[in-house]
Amino acid sequence: MSELTLDASQLNVRAQRKPRSLRLGVWLAGTFLLLLIVAALAPQLFAHSDPLAIVPRDAFHAPGWGHWFGTDQSGRDIFSRVIYGTRQSLLIGLAATALAMGIAIVLGLTGGLGGRRTDRGVGWVLEILFAFPSLVLALLFVAIFGSGIGPLIIATGLGSAPGYARMVRGQVLAVRNSGYIEAARALGHPPLRIIGRQLLPNAMRPLIVTLTMGVGQAIVWASALSFLGLGAPPPAPEWGTMLSMGRDFVANAWWLTFFPGLFIVLTTLSTTVVGRYLQQRLEGRLS
Amino acid sequence: MSSATLGNPLLNPPRHQRLKHLARRASLRLAGGILVLWAVATLTFFALRLMPGDPVLAILGGPSGNPTAETIAEATREYGLDKPLAVQYGLYLVRLVQGDLGVSYSQHLPVTRVLAEQSGPTLELTITALLLAWLMVLALTVLTAGRRRWLGRLASLAETVAAALPHFWLGILLLAVFAFGLRLFPPAGSDGWRTLVLPSVALAIPLAGFIAQVTRESLELTLEQPFVLTARTRGLSDFAVRFRHALRHAVLPGISLSGWAIGSLISGAVVIEVIFSRKGLGRQLYQAVQAQDLPLTIGISLVVAAVYVLANILIDLLYLWVDPRQQEAQA
Amino acid sequence: MRKLAQHSRHHSPRHLPFVRKISSVGLAAFCVLLAGCDNGASTVARSSQPVSGGTLIYATDREPICLDPHVGGDMPQVFVAQQYLDSLVSMDSEGRIGPWLAKSWEVSANGLDYTFHLRNDVHFTDGTPFNAAAVKANLDHMANPKTQSSTAGGYIRQYLGTDLPDEYTAVVHLSTPYAAFLEVLAQGFLGIESPTALLRPRDTNCESPVGSGPFKVVRWDRQSQVELVRNPDYNWAPPTAKHQGPAWLDRIVWKFIAEPSVRFASLQAGEVDVIEALPPESHEAARRNPDLSLIIAPRPGNPTNGALNITRAPFNDLRVREAFVRSSDVEGALKSVYFNEFPRAGGPLSSATRFYSADFEHAQDYDQARAAKLLDDAGWTQRDAEGYRTKDGKRLQVHVVMGNRTPPSEYTLWEQVQATTRLAGIQTIIDQMSDVQATQRQADWDYDIRLGYWNTNSADVLRIIFGSGFIRPAGVGGYHQNTAGFSDPTFDSLVQQALETQDPEQRRALYYKAQQIASSQYLELTTYPQSTRLGIYKTTQGVRVEPSLAVTYLYDAWVNK
């Protein structure tokens, strides 16, 4: 190492006190996510109308007292639909991420723990999946297996799986030769137990951050597919589907597309902010 | 990288050896890439064959076609849809090797011709978006990194928000405000620079947000390095320091992201081309999927995958070339 | 009679869109900063005299699959074809057949032979002269299965062949009398193309077809536009045109812009001169805009509808069919989804069709009380836990099969049908699937309702959509034009007799009875008539819709830019 270049660990990293405004940001993001989860579990607490009730004479009301976010082309209250859509979107995001993680763990463990051959093989599978940009992969999947919430979850999960798999594999490789694993082996613990109790948790810990942000990403991708008409079919109050149905009316009734999109942005923002906060906590940068 | 490491012969083998090493890796990667593409072509072929519904009806103009008996029989024979699956696959591979991607069901044109016509606008869009994104990144990070705290935090917030914006929402908003409302730009079309502005901005902003975050972090770290202090004491202006010295180091993580960035841009192009009614491979792929146009879907997917794989290989090689320490670590 | 303008309906006041508020403030500022804010044409004077020269930019929503209208046969194709093809005969707004490429004709007493005396001064844009051999080549082309002609070929099923006694006389032979033959010959779908061009491979002809019309196709830029230029030799316009000789326009750029809001915004900005399929949500804005004018012309034929499959339960019971139709609040849906811009179509024929009778317009009016009574009479008296009617333990369910390219507004309309039929205790389920799957379900008769429409300038459409001869699958694909599955000998004989006579009064009486039967059997839930809706920017005048199919006709149009 030259004297003119230092790496991050040597630098007196700015272990400054977290400025108050950023702390506020984390609080806001965390609260928003909590509210979202509550809305997903019990939408009736926030929404006062049936998201599917059609009232044609109330069509296209601008946002106002009666309808905070306005009404859509069939007179449905958009605020209620956005709230009920939370359940859909959060469910899809979590399920897709869980699926992606499942695939990633299988692939990553196989690659990281198996011999060179298996590692190459897993590398191949990853290369193939990586050859497509994620939306293109999801489009192909939906093209084959049709649209709907099930294929949507699988397609989104498939899109994010390769990235996670690579990370898991890297982590597994890094962790497998560490001290406590050696110790456990020396103690004669069965391999599965080592994997389950020591290897996996330690390998996964740094990925919690990625997962948190990944849920936000998954929600965006799922919304993109729904927006293209290949995901949750109407009249589902899924945010992407609402955007797609309202797109034709954006010049007359901007509120049909604005609010669902706003919620997607806020969700992604919140998961990113919370994820970064977790990352900094885990790396011990906070004093 | 620093001048000290450059001098060390152990860490920096002579030029022709590096070239040979690089060439070997390049050919290995390329061979691997071709195999990957073959696997991709096979997978997509078989998978799309499993789709429900009769492709003949898709060929004959869809729901308002009202085809007759003889018409349908003709089409089945013409497109070879009555042969067994394995034979169709074999024929398909043979033709693929010869560069014949088949005939699109929905457009009755050779797929290669559709690709030739539609690739231009998409390339235009993605390259413009990438350049715009980098411009925004450079402007934002160089001007605001390491300065007053509130400026940095504001910029950081802007980047986070930008990265969180979904393409489709941003596209619609830009369309509504700038094309419908203010009428500054045309709302549709693929010719002329004016139709390029809104779509590329819609693609560039989220990408810029993402790359800026990484570059900012890297730039701020770099600015703290002692060599920067030395440069400053030698009398270089702040701007020159930032731009000429620090940036080159800070930009490396951003470059490594470029591979992923191209993938993200292609994905975004699908949605953006649909929203802005632009000619291009993205919109074409979407319509091909909707119309269950098998040859066209496979053709576009293959081309996209090929470009993506190639781009990633090139970027990896570029990174290797630029940073010999990487080579050493992998050897 | 044809209506050329809709009555302006009263609207509830609409809030000023958000972006407009911004634009009034911001536009001033922006205009100062940016040159080129002025889109040009802001001080264009409307000229009363046609101006020769200039380019007209036309934007439509759908791209044709092939420019040759003989192949396939979809509406986007005939719209383009109308500009570069001529037909054998013309049809005026009263429904009378007049000359065009054929100067005169005679029909034999048995109705099986049509002798056409053709013009001798016509040639195609590739130099080939127009003569009887050309007519034969075209009719043979349409009837040839290799052409894959669904529409044109379907219309001339009775075609046997053509004799050529001399160069400008063509004698067409039919297998059965077909009074609608001249009517379909007036359509752009059966336009006359150059026989030399027809000899080329089908795909080549799809891309650059050759006709004798006022314009010729130069280039087709897929997904983007078709370019047409003036035919300088044109001198054989039909009597329904407003002038003779070459067209006024130098060039037409026929663009495809699928997004309705984008299409309308392009018109408002003056980026395009004419748009088609003016979105209903923009009609009001178009009317208020002094720079725009509108043409709204209903199309003849069978209106947009959901056809009821009477071959299986629950629609094999007439009472259930009528109850379903009566409990659908289509009027309410049209008010909200289509902004009250589309009138209700209550009968099997659209008002623009020849021999249409208005007596059946109210057979489908919204009447929940009647629906309830009918369902009770039909035995659906039990209700299950969710409020749907049941009989013998089975719930009253109706499946609507919809392809995924159905426009969102259409989907929303049926959503509202779903909501109102629910009040009557009927569970309407909307099954969305890919277009190919939808066609498969149609072929398998596995649907209760299937959406459709049929644009044609003849009341003979009743025979095609309700005649028993069209129940059998059209072929291997299984598609059948008679979606309802209706088969009634009385009806069949009525529509067949209407083909066997040329006397309009007789035909009118026969078609009246046919409409009566179709209406009283509740074979379709008709929603709104198909229409051609054009928005025209101030730079352009003389744009018309031709009388037979209400297709855009740009021969008499001129621009002043």
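Guide: Let's start with a term: buried means under 20% relative accessible area, exposed means over 50%, and partly exposed is in between (1.4 Å probe, protein chains only). This is a predicted model, where local features need pLDDT of at least 70, side-chain atom pairs count only at pLDDT 80 or more, and totals for chains, interfaces and linings use all residues. Residues are numbered from 1 along each chain as its sequence is written, chains are lettered from A in the order in which they are written, and side-chain values use heavy atoms, leaving out hydrogens and water.

Visitor: Is R219(C) buried or partly exposed?

Guide: R219(C) is partly exposed, at 46% relative accessible area. Its side chain meets D221(C) in a salt bridge at 3.4 Å, N to O, and D221(C) is buried at 16%.

Visitor: What counts as a salt bridge?

Guide: Side chains of opposite charge can pair when their charged atoms come close. The rule here is a side-chain nitrogen of Lys or Arg within 4 Å of a carboxyl oxygen of Asp or Glu. Over all chains, the search finds 40 salt bridges. Among them, D460(C) pairs with R463(C) at 2.9 Å between the closest N and O atoms; D460(C) is buried at 3%, and R463(C) is buried at 13%.

Visitor: How many salt bridges are there between chain A and chain B?

Guide: The count there is 0. The size of an interface is often given as the accessible area lost when the parts come together. With a 1.4 Å probe, summed over both parts, chain A and chain B bury about 4,300 Å², with 77% from carbon and sulfur atoms.

Definitions and conventions:
Buried area = accessible area lost by both parts, 1.4 Å probe.
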